[in-house]
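Welcome! Please have a look at the picture, and then we will walk through it together.

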Amino acid sequence: MPPTTDNGDSPSLPGTGKTVLVTGAAGYVATHCIVDLIGRGFDVVAFDNYSNSVRNQEDKALNKPEAILRIQRMTGKEIPFEEVDMRDPVELKKAIAKVGI
Ligand SMILES: NC(=O)c1ccc[n+]([C@@H]2O[C@H](COP(=O)([O-])OP(=O)(O)OC[C@H]3O[C@@H](n4cnc5c(N)ncnc54)[C@H](O)[C@@H]3O)[C@@H](O)[C@H]2O)c1
């Protein structure tokens with residue numbers, strides 16, 4: 001969990017300036033890792049292929065998994081997301097280029 005102040009707000013932590021790519025990002029383990037990474041001042045980029053995660057249903061234009069949108073709401077941090085199968089090297093290369101890491 002990211003640290004909070006006495007009134008429950010997230011303090012503005014100095015960022016590390018480093019970005020971590022999290023794969024399988026909408027899953028159980030990864031979502032906990034993302035919250036922790038953000039709490040430690042890292043930026044996060046998220047990849048997932050929706051094979052075991054849920055698309056946002058309310059606003060399809062958001063085009064992110066429900067779990068990632070929840071973390072954005074919790075932390076106030078934007079998490080760039082790409083739908084990509086990690087086993088597909090061509091699509092993976094495109095996704096990496098797109099998020100600029
Ligand atoms: N304690 C609990 O409440 C609880 C709840 C859920 C799960 N678990 C445990 O956690 C473990 C599962 O968690 P997890 O995070 O490893 O799995 P997960 O299935 O939750 O997450 C895997 C994520 O990877 C994505 N994915 C799978 N293949 C991919 C691919 N080729 N390319 C891109 N994305 C891909 C899936 O869509 C999913 O979002 C199990 O041991 C389970 O028993 C515990």
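Helices here are DSSP runs of H or I with at least four residues, strands are runs of E with at least two, and both are numbered from the N terminus.

Before going further, two notes on reading this report. Residues are numbered from 1 along each chain as its sequence is written. The model is predicted, so local features need pLDDT of at least 70 and side-chain atom pairs count only at pLDDT 80 or more, while totals for chains, interfaces and linings use all residues.

## The overall plan

The protein has 3 helices and 3 strands, and along the sequence they follow the pattern β-α-β-α-β-α. Of its 101 residues, 21% count as buried. A residue is called buried if 20 or more other C-beta atoms lie within 10 Å of its own, exposed if 12 or fewer, and partly exposed in between, with C-beta atoms placed from the backbone.

Two residues are in contact if their C-beta atoms, placed from the backbone, lie within 7 Å.

How far apart are the end C-alpha atoms of H1? They are 17 Å apart, which agrees with the 16 Å that its 12 residues should span at 1.5 Å a residue; the expected span is 1.5 Å times one less than the number of residues.

The buried residues of H1 are Ala 30, Thr 31, Ile 34, Leu 37 and Ile 38. Seen down the helix axis, these buried residues fall within an arc of 125°, so they line one face of H1. The arc is that of the directions from the helix axis to the C-beta atoms. An α-helix has 3.6 residues a turn, so residues three or four places apart point the same way. The buried residues of H1 pack against strand S1 (19–23), S2 and H2, whereas Tyr 28, Val 29, His 32 and Asp 36 are exposed on the other side.

## The nonpolar core

The largest nonpolar core has 16 residues, and those with the most contacts inside it are Val 22, Ala 25, Ile 34, Val 44, Ala 46 and Ile 68. Helix H1 (28–39), strand S2 (43–48) and helix H2 (66–75) are the elements that give two or more residues to this core. Such a core is a set of buried Ala, Val, Leu, Ile, Met, Phe, Trp, Tyr and Cys residues joined through C-beta atoms within 7 Å.

Leaving out residues up to four places away in sequence, Val 44 touches Val 20, Val 22, Ile 34, Leu 37, Ile 38 and Ile 79.

In H2, the buried residues are Ala 67, Ile 68 and Ile 71. They cover an arc of only 100° around the axis, which puts them on the same side of H2. Their cover includes H1, S2 and strand S3 (81–83). Just after H2, Gly 76 takes a positive phi of about 75°.

Helix H3 (residues 89–99) is hardly covered, with a count of 1 buried residue among its 11 residues. Gly 100 follows H3 and has a positive phi, near 70°.

## Loops worth a visit

Is Ala 26 buried or exposed? Ala 26 lies in the loop between S1 and H1, and it counts as buried because it has 28 C-beta neighbours inside 10 Å. Not counting residues up to four places away in sequence, Ala 26 touches Thr 31, Asp 48, Ser 53, Pro 65, Ala 67 and Ile 68.

The loop between S2 and H2 holds Tyr 50. Although it is not a glycine, Tyr 50 has a positive phi of about 65°. With 11 C-beta neighbours inside 10 Å, Tyr 50 counts as exposed.

## Around the ligand

The shell around the ligand has 17 residues, of which Gly 24, Gly 27, Tyr 28, Val 29 and Ser 53 come nearest.

Key
A residue is near a molecule or strand if its C-beta atom, placed from the backbone, lies within 6 Å of it.
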